[in-house]
Amino acid sequence: MKDFSMGDIVEVWQVTRWGGKIPTNQIGMIIKRASLKYDNELSTWKVLVNGNIKLIQGRKLKKVNVVKEDIDS
């Protein structure tokens with residue numbers, strides 16, 4: 001089950017006709033859920049990509065793990 005929260009960093013993928021996924025090298029940030037479907041993969045999300053807001057289905061998004069490093073100063 002894919003569940004995103006506001007502010008999550010995601011990768012945008014292209015879904016092929018046979019169900020495969022191809023990376024598009026686009027990174028975005030979740031703004032909010034635009035529509036909720038019974039199957040969460042089909043829910044649409046508002047995503048900020050390259051300064052533009054796009055509506056993208058959940059099955060085309062993959063959450064990016066952000067590693068926070070401690071900086072000693």
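Which residue in S3 is the bridge partner of Ile 30? It is Val 47. Keep that residue in mind, as we will meet Val 47 again.

Good morning. One chain today, and a predicted model. Let me start with the overall picture.

The chain has 0 helices and 5 strands. Read from the N terminus, the elements go β-β-β-β-β. The C-alpha trace spans about 50 × 25 × 25 Å along its principal axes. There are 73 residues, and 23% of them are buried.

Now the sheet. It is open, it takes in 5 strands, and their order is S4-S3-S2-S1-S5. Pairing is antiparallel. S4 and S5 are the edge strands, each with pairing on one side only. S5 covers 61-63. From one strand to the next, the twist averages 50 degrees.

S4 is residues 52-57, and S3 is residues 44-49. They run antiparallel, joined by 6 bridges. Here is Val 47 again: in S4, its bridge partner is Lys 54. So much for the pairing; now the turn. S3 and S4 make a hairpin, with 2 residues between them. Asn 50 sits in that turn, and its phi is positive, about 50 degrees.

Next step, S3 to S2. S2 runs over residues 21-35. It pairs with S3 in the antiparallel sense, over 6 bridges. This is where the opening pair belongs: Ile 30 is partnered in S3 by Val 47.

On to S1. This strand is residues 9-15, and it pairs with S2 over 7 bridges, again antiparallel. Trp 13 stands opposite Pro 23 in S2. S1 and S2 also form a hairpin, here with 5 residues between the strands. Gly 19 in that hairpin takes a positive phi, near 100 degrees.

Val 10 has Lys 63 as its bridge partner in S5.

A word on side chains. In a regular strand they alternate between the two faces of the sheet.

Now let me zoom in on one residue, Gly 28. Where is it? In strand S2. Is Gly 28 buried or exposed? Its relative accessibility is 4%, and the cut-off for buried is under 20%. So Gly 28 counts as buried.

What does Gly 28 touch, leaving out residues up to four places away in sequence? Asp 8, Ile 9 and Val 10 are on the list, and so are Val 47, Leu 48 and Val 49. Asp 8 and Gly 28 are 20 residues apart in sequence. In space, C-alpha to C-alpha, they are 8.4 Å apart.

Back out to the whole chain. Take the contacts with a separation of 6 or more: residues 24 or more positions apart account for 35% of them.

Then surface and charge. The accessible surface is about 5700 Å². Carbon and sulfur atoms hold 51% of that. The side chains include 13 positive and 8 negative ones. The centres of those two sets lie 14 Å apart.

To close: an open sheet of 5 strands, with S4 and S5 at the edges. And Gly 28, in S2, is buried at 4%. Thanks.

How values were computed: Residues are numbered from 1 along each chain as its sequence is written. This is a predicted model: local features need pLDDT of at least 70, side-chain atom pairs count only at pLDDT 80 or more; totals for chains, interfaces and linings use all residues. Side-chain values use heavy atoms; hydrogens and water are left out. Helices (H or I, at least four residues) and strands (E, at least two) are DSSP runs, numbered from the N terminus. Buried means under 20% relative accessible area, exposed over 50%, partly exposed in between (1.4 Å probe, protein chains only). Contact means heavy atoms within 4.5 Å. Accessible areas come from the Shrake-Rupley method with a 1.4 Å probe; for residues, only the protein chains shown count as cover. Lys and Arg count as positive and Asp and Glu as negative; His and the chain ends are not counted. The place of a charge is taken as NZ of Lys, CZ of Arg, CG of Asp or CD of Glu. Two strands pair if DSSP finds at least two bridges between them. Axes are lines fitted to C-alpha atoms, for helices over the stretch in contact, and angles run from 0 to 180 degrees between N-to-C directions.
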